[in-house]
Amino acid sequence: GALPPVVGNARIPYSAFEQDQLSLADLGGIFFQMKPGAVGSQYVGLFTIVLALIAVVSRPRSWVVRSLAAIAVYSLVSAAGSNLGLLTLNYHLPLLNKIREATRFLVLFQFSAAILAAIGIDELATKGPAIGRWGRLNIQMFAAGAAGVAALATAFLLRGRILNHASPAVTILALCALMIATIVLSKKSKDKMPIAASLWAAAAIASLAAEVSWTPPPIAASQYLTSDGPALDRALARVAAMDPSHRYKVIFGGNIPDQEAGMLASYRGVKALNFYFNPAPYDQFREMYDQGSHPGNYFRIIGARYLI
């Protein structure tokens with residue numbers, strides 16, 4: 001990209017961590033499908049969020065629930081990067097400062113939300129003791145209603161960005177229907193609550209199945225085949241055969257994608273000089289990075305003998 005190369009043990013520049021982060025409006029994508037980030041999606045669906053909240057209000061003293069809730073909130077806020085201020089902190093925290101693309105934090109968010117939702121289903125199936133002065137079900141439905149109001153506001157304010165197959169209005173009406181059905185079943189008998197929990201689980205699964213593509217792309221559409229990877233692979237196999245002890249390195253010219261070529265070379269055990277990751281001395285790397293390789297200069301690169 002446009003960022004300068006990282007030299008030696010220097011830190012990746014702060015500006016590199018500001019790429020691919022969620023905007024404040026993008027956070028609404030936890031309820032409804034929106035355009036995902038380059039390396040992660042914030043969408044888990046309204047029903048998953050409601051079930052996760054039910055878990056939080058039903059087991060407020062559980063260290064498991066507290067930990068998962070903290071991870072979910074922290075990772076979602078971190079996905080917004082500098083827009084919510086956590087980028088500065090994460091940039092200096094060990095291990096977390098290895099996560100350059102902010103949307104990679106969404107993996108932790110989805111993981112935590114999914115487990116909390118499962119706990120929420122279990123809580124709905126079990127009619128436990130009251131929580132404080134309020135009935136357990138009352139608090140659970142209050143949390144569901146709060147999430148519904150937040151989803152309604154999101155649907156109104158971000159109506160031009162929502163990519164849901166199902167209308168947000170249908171999703172919110174389904175939430176209301178589930179809340180009513182849960183209250184009615186709870187009044188009939190404690191034995192009816194597993195039915196209510198099953199309805200919530202089915203709604204969460206159905207919303208994900210409708211909005212998330214479960215069909216992988218065909219093999220013919222892979223980058224390896226569409227970018228003429230087999231021909232490059234054969235050339236690298238020939239280099240490996242000519243240099244079985246791997247004493248030399250190879251560089252790539254023309255329109256060959258350097259990152260893909262470097263990865264293919266690693267599979268063959270061939271050392272490559274490319275622009276994505278390059279352990280060469282800085283002066284040699286700068287010549288490659290700024291000027292590119294061509295037959296007149298590649299022999300000057302120490303250890304490079306082959307040009308593809």
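Me: How many helices and strands does the protein chain have?
Reply: The secondary structure of the protein chain comes to eleven helices and three strands, where helices (H or I, at least four residues) and strands (E, at least two) are DSSP runs numbered from the N terminus. This is a predicted model, in which local features need pLDDT of at least 70 and side-chain atom pairs count only at pLDDT 80 or more, while totals for chains, interfaces and linings use all residues. Residues are numbered from 1 along each chain as its sequence is written, and side-chain values use heavy atoms, with hydrogens and water left out.

Me: And in what order do the elements run?
Reply: From the N terminus on, the order is α-α-α-α-α-α-α-α-α-β-α-β-α-β.

Me: What share of the residues counts as buried?
Reply: Of the 308 residues of the protein chain, 41% count as buried, and here buried means under 20% relative accessible area, exposed means over 50%, and partly exposed lies in between (1.4 Å probe, protein chains only).

Me: Let's look at α2. Where is it, and what is its reach?
Reply: Helix α2 covers residues 63-79, which is 17 residues, and it reaches 24 Å from its first C-alpha to its last, close to the 24 Å expected at 1.5 Å a residue. The expected span of a helix is 1.5 Å times one less than its number of residues.

Me: Which of its residues are buried?
Reply: In α2 the buried residues are V65, L68, A72, S75, L76, S78 and A79. An α-helix has 3.6 residues a turn, so residues three or four places apart point the same way.

Me: OK, and what covers them?
Reply: The cover of the buried residues of α2 includes α1 (46-58), α3 (86-92) and α4 (106-125).

Me: What happens just after α2?
Reply: There, G81 takes a positive phi of about 60 degrees.

Me: Which residues other than glycine have a positive phi?
Reply: Among them are D20, with a phi near 55 degrees, and D228, with a phi near 60 degrees. D20 has its place in the segment before α1 and is partly exposed, with a relative accessible area of 25%, whereas D228 is found in the loop between α8 (223-226) and α9 (229-242).

Me: New topic: what is the volume of the largest cavity?
Reply: The largest cavity has a volume of about 80 Å³. On a 1 Å grid over the protein atoms alone, a cavity is a set of points where a 1.4 Å probe fits but cannot get out, a pocket is an open set with protein on both sides within 12 Å along at least five of seven lines, and lining residues have an atom within 4 Å of a point.

Me: Which residues line that cavity?
Reply: Its lining includes S78 and G81, along with F17, L87 and F105, and the largest share, three residues, comes from α3.

Me: What about the second largest pocket?
Reply: The second largest pocket has a volume of about 380 Å³ and is lined by 18 residues, of which Y43, V44, T48, A114 and L208 lie nearest its centre. α4 gives the most to this lining, with five residues, and α1, α4 and α7 (193-211) each supply at least two.

Me: How do the residues of that lining divide by class?
Reply: The lining of the second largest pocket divides into 14 nonpolar, four polar and no charged residues, where Ala, Val, Leu, Ile, Met, Phe, Trp, Tyr, Cys and Pro count as nonpolar, Asp, Glu, Lys and Arg as charged, and the others, Gly among them, as polar.

Note on methods: Contact means heavy atoms within 4.5 Å. Grid points are joined across faces, edges and corners, and a volume is the space filled by probe spheres set on the points.
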